[in-house]
Amino acid sequence: MPLIDHVILITGAGGGLGATAALALARHGAQIILLDKNIPKLERIYDAIVAAGAPEPVMYPFDLAGASEAQYQEMADAIAQRYGSLQGLLHSAVEFSAFSPIASYKTKDWGHALNVNLNAPFILCRVLLPLLQLSRRAAIVFTSDSAARKAQAYSGAYGVSKIALEGFAAILAAELEAGQKIRVNTLCPGPVDSPLRKRAYPAEDKTAIPPMSSLEPLYLYLFGDASIGVTGQIIDAQTFKP
């Protein structure tokens, strides 16, 4: 159980990749804080983790886009009170509805996507960095999209947010590198049979792409001791070999 002493917060924990990571990390001993606004989805991954005989997780219903900065700080304070420190933070929550031309975007939809995909990771990092700093070693992992940096047409606010998120991760990694305590990396899952992939490419033959479970070794690597000293990297699941 290599992650037995790790407390890891996962955003979008009720979603496809978030739930996949939560179950994989919990099976290896991590105490998982499941954060999502969808309570039924939180309950499903909670039950799956308990059924696997892993440490009982904590459900934290939370709306990343609608929460105030005070509510973000309340979350951090609650984690500090219960655990004292934090060893991992996985940004897996994502807002994407469909490919759409910029000309047809509504301002409200644009702002909502940026809030979930970019602003929320920034606020979470800011309020949780003090708890991560209290750990001997800690990891922050962002989730990006390998197509984003190509500025793909019609990717809209989703594409813009992923481009910016990779830049934010690089800046944060550079700022924290000197302390040698918190490593910051970005995961590009590539094509996997996830709910987001189904929305983006509904006609695609999903049997031709890997299942979400294929990412489990990567999550274990990024939050385990094997990645200590690895920071500021963009890790492509299609080419990575642990």
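**V192**

I started with V192, which counts as buried because its relative accessibility is 3%. My cut-offs: buried means under 20% relative accessible area, exposed means over 50%, and partly exposed is in between, using a 1.4 Å probe and protein chains only. V192 lies in the loop between β6 and α6, the latter being residues 195-200. I also looked up its distance to D145: the two are 47 residues apart in sequence and 11 Å apart in space, C-alpha to C-alpha.

**What I am working with**

This is a predicted model, where local features need pLDDT of at least 70 and side-chain atom pairs count only at pLDDT 80 or more, while totals for chains, interfaces and linings use all residues. Residues are numbered from 1 along each chain as its sequence is written, and side-chain values use heavy atoms, with hydrogens and water left out.

**The whole chain**

I found seven helices and seven strands in the protein chain. They are DSSP runs numbered from the N terminus: helices are H or I with at least four residues, strands are E with at least two. Reading along the sequence, I get β-α-β-α-β-α-β-α-β-α-β-α-α-β.

Next I checked the overall size. The radius of gyration is 17 Å, which agrees with the value near 18 Å that a compact globule of 242 residues would have. That radius is taken over C-alpha atoms, and the globule rule is 2.2 Å times the number of residues to the power 0.38. Along the principal axes, the C-alpha atoms fill a box of roughly 45 × 40 × 35 Å.

Of the 242 residues, 48% count as buried. The chain exposes about 11300 Å², and carbon and sulfur atoms supply 55% of that. Such areas come from the Shrake-Rupley method with a 1.4 Å probe, and for residues only the protein chains shown count as cover.

I looked at contacts too, meaning heavy atoms within 4.5 Å. Among contacts between residues at least 6 apart in sequence, 72% join residues at least 24 apart.

**The cores**

Which residues have the most contacts inside the largest nonpolar core? They are Y72, L128, I140, F142, L172 and V184, in a core of 35 residues. A nonpolar core here is a set of buried Ala, Val, Leu, Ile, Met, Phe, Trp, Tyr and Cys residues joined through side-chain atoms within 4.5 Å. Elements that each supply at least two residues of this core include β1 (7-11), β2 (31-36), α3 (69-83), β5 (138-143) and β6 (182-188). Helix α4 gives the most, with ten residues.

I then listed the neighbours of Y72, not counting residues up to four places away in sequence: F62, L64, A67, A120, I123, L124 and V127. There is also a second, separate core of 33 residues, which includes I8, A19, A26 and L90.

**Y60**

Y60 is found in strand β3, residues 58-61. With a relative accessible area of 22%, Y60 is partly exposed. Leaving out residues up to four places away in sequence, Y60 touches I33, L34, L35, D36, L42, E74 and M75. I also took its distance to A103: they are 43 residues apart along the chain, and their C-alpha atoms are separated by 37 Å.

**F122**

F122 sits in helix α4. It counts as partly exposed because its relative accessibility is 38%.

**D47**

D47 has its place in helix α2, residues 39-51. Its relative accessible area is 46%, so D47 is partly exposed.

**Y154**

Is Y154 buried or exposed? Y154 counts as exposed, at 52% relative accessibility. I placed Y154 in the loop between β5 and α5. Its phi is positive, about 75 degrees, although Y154 is not a glycine. I noted this because most residues other than glycine have a negative phi.
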